Amino acid sequence: MLIAGTSCVDYSGLNNEKQDIDANGESGRTFRGMLQWVNKHRPPVVILENVCSAPWEKVVQYFDEVGYDANFVRLDTKEFYIPHTRTRVYLMATPYGTSKKEHIPEKWIETVKQLRRPWSSPFEAFLLPTDDEHIHRARLELAAAKLQRDGNQRKPTDWGRCESRHARARQEEELGNLRPLTAWQEAGVCKGLDWTWNDWLLAQTERVVDLLEISTLRMAKDGIDAGYKACIWNVSQNVDRQTGSSRTALAPCLTPNMIPWVTNRGGPVTGREALALQGIPVRELLLTSENEDQLADLAGNAMTTTVVGASMLAALCLAVDKLAEGDDAMAAAAEEEELEEMTLEKASTAIVGDAKLVPHPLDLARVDTADLAKVLEDAQRSSRHCECEGQSGISSAPINHCQACGYRSCKNCGGRPDHEYEPCKDERLETAMFEKRVKELLPMRVNLAGITEETLDAVRQQAVELGKGTVKTSDWSLWSKSVLDAVTDAEFRFRFLKRQTIWTAVYEAPSATLELCLRNPAPEWRLTIKAPQSEPVKSRLRDLLRHPVARMRLNMQKNNVLSGKWELCVPSYQTFSAEITGCGEIVPTWQASIGLQGGLEGTTRWSQLKIDLSEAAEQALDRPLSGVYTLLPKCGQAQASLHVLESNDNKDLPPLFLFLDPTRCGEASEDRYVFSTSIDRLDYYTERDVVATLDNKFRESNLPKQHVNLEVRGGWVVSKKAHLTSVGGEDIAVGESNSTRDEATYSIPANVNAVSKATDDCNEAAALLSVKVPLNPSHSEAMWKRGAWGQIDLEHEGNGTFARLAWITERLPPLDAFMSWNILGKTDIAGAACTRCAPLPPPIIWVKQPGKLNKNGGKTASSIIAFEDALQAGRYEQVRLHSRVSDLTYRHSSSAPIRLFSSCVSTATSALSALASMCALSLTGRSPAFPPAPPRARSSCRGV
């Protein structure tokens, strides 16, 4: 089967100088080259892809001339699972048989259409979190590449050609002259809102930043704050082509040269994310030297995997008789599996010194004690104070703190919106120091006991008695079954510490997530149930499980993170009438403050809102809501709607806010004002903790009084029986208790010489660490091999594997003896380099390529091209990637409930590879010019 995509440049709608397939353009030449290959090799099936404007009728004629029956169909990516509007034409061709009446391509079209399945997840599901390391690297690279390419930050000539069109659009659409998103000026000044990628904005032309402003104002005129809706704008287009860009959740067609701006990110789609929106599994790709432009070009020219995959499956089903009969597939698979087992067995026998490791006890459930007030103080000092700090950094710039809403940012990033800043008084604490300390307070795996059917029924009855609401029988049946299935006999294992504006410790079970949120002054555990993957997106069960079902607020008088009262949230629903009275001063609305015209310039609202609720409503709530809420117009939030409750009588609870909290993808008319203690910008998949919600019809105005429906979802009720236990059901050992609750064993070398001098053979690896953990076979993950060693592919699977093993590895003590330089064994560094550990790279050959004929009849300039011999390069990669001893192995024993995790290091291999990488080593692989000396290595659990 041949799957081909020839050049589309001459057919593209963005090309003002199109050429036909018969011309000497790039598109025609690549198509004829492909057709010649087909005519020579006669593949039984051909799948061809190109843009819709290609001359497809002529393509069918060309295939007919070489004896192929062909037909084509127009397919759209969004009809094949992925939220990406990308319409392309696919053609299927197969050689004519004894009769031209088979019509296989026509049948293929119908089969492909039957494989369609519309998208159901928004494009944000394919994007990376804002604090992901790949996002930070992409931000730096995109800004630096633009500056380097242009030579300066702006192109005045580019703006000069577009300025009049932009001014006309503002005037005709009554958008005003303000620039609320970037505040750019023609002198080159640009300061985006705090959450935007200002470094990227600084590198854009005036045309791009002003188009962003106009698009923002267009949505604002419709009552939509674009910064809180998930849209992608193509800002490489002119201003008159950007109308109607408020479509949420669905990505437009991503092309190589477009600038796709994500509205609620404040930055572009990166190259990795564009590949993901083509259905390409980027986590399995080794993307190292490719820059953002290259990745975007690759994604823009790629076929969507779900579409071409459906095309291939349909073709195979219909044309299988035309394929040559191959070898016995089952026998080939068995042979491959046998070869893999032999390879793994050989790798396991290459580990030396495993029997000499010294065992030590390891308790996975024991926790230390600490002053919780001091822990929360340290958590605040080490948390992320600004977006630029990412997952672990600390800004070198001074940090400012808003005394009105609590928002923090560094001096370089902050300033828009204004906030009421004052210098932050926190003495910063290194992230690693806090992580080390807090992990000592956490059990590595736990059970949540006491949640039974009887417990849930009792809580339901108690909710009715306390005025927390009733639950429909159908809802209760769905909800209670999901909770019981998720927590009964479930083992919650520590995964990672997540650093954002607060610290969160994350535990995972197959069907639930347990989190410890270290929010000052009210830290708490939260239990969230995962909806089954087979559940429809808009199912009732998903709606019931959207928010946490249980929580435990820590008892601050205790000295550990396990003490407190568990509460369950019954899925009730109640509505009450809220009286909202305007008070304070009359001030401009958000639309008026950003300069919109057309009757919006004079709209006003109250600076304060007084909320009055009935006693029954207050009883149903998690905390009192009645009081005066003061507008904080300098503190942001959607449509500058943030209000704070003036009187907070309970100092043990965080401040309470009222603001508009738009859905990421829903209609703006359905967006609601909410009461919440959290005002952070949330990542996708994250739900805000909401105390109550106002009816979607409520909007701020200058009306003196309004009566609005208040909706309360869920009622919190104390459950005395729910509690955390160690695996097995016993209480978790706290502090200096002599009891052991969850014992495992780790083994390490007696001294450093046992590793550094264990072997001088690069075919062997020295055992460095071995861990044995009791584990119920029903809780065993797919990564464990039964009765055999399995190797971890560190490049592709390393991060995921270590995340799944964090509940074991985080309790391992540091191997201090391996943190200093040590003398290796008899490693010979003289003479030729080892071809197994450090193979020589293939030589580079330089060839002068003559120029080609262009469309004007002339020749292009000649060029110098470098290439490698394919055979030598293949051998080099095969040795480099597959012949070395793996750094890490693991196994699962089926004879007993024990899982064994083992780490080993090949010091000889690592030393020889390091020497080969040194610039002093000659190209012939001979020893360096300096005299031989005993090599030293710093070793750790991950290598040398």
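1. Contact here means heavy atoms within 4.5 Å. Helices (H or I, at least four residues) and strands (E, at least two) are DSSP runs, numbered from the N terminus. Axes are lines fitted to C-alpha atoms, for helices over the stretch in contact, with angles from 0 to 180 degrees between N-to-C directions.

2. Bear in mind that this is a predicted model: local features need pLDDT of at least 70, side-chain atom pairs count only at pLDDT 80 or more, and totals for chains, interfaces and linings use all residues. Residues are numbered from 1 along each chain as its sequence is written, and side-chain values use heavy atoms, with hydrogens and water left out.

3. On confidence: pLDDT (the predictor's confidence in each residue, from 0 to 100) averages 85 over the chain, and 86% of the residues score at least 70. Residues 150-157 fall below 50, with 18 contacts in the model beyond near neighbours in sequence. Residues 919-944 are also below 50, with 54 such contacts.

4. Now the sheet. Four strands make an open, mixed sheet in the order β1-β2-β4-β3; pairing takes at least two DSSP bridges between two strands. β1 (2-5) and β3 (68-76) are the edges: each has a single partner strand, so one side of each lacks a neighbour in the sheet. Neighbouring strands are turned by 20 degrees against each other on average, direction ignored.

5. β1 pairs with β2 (residues 46-50) in the parallel sense, over four bridges. Glycine 5 sits opposite glutamate 49 in β2.

6. As for the helices, α1 (residues 26-41) lies across β1, β2 and β3, at about 170 degrees to β1. Helix α10 (residues 305-319) packs on the sheet too, touching β1, β2, β3 and β4 (87-95), and its direction makes about 20 degrees with that of β4.
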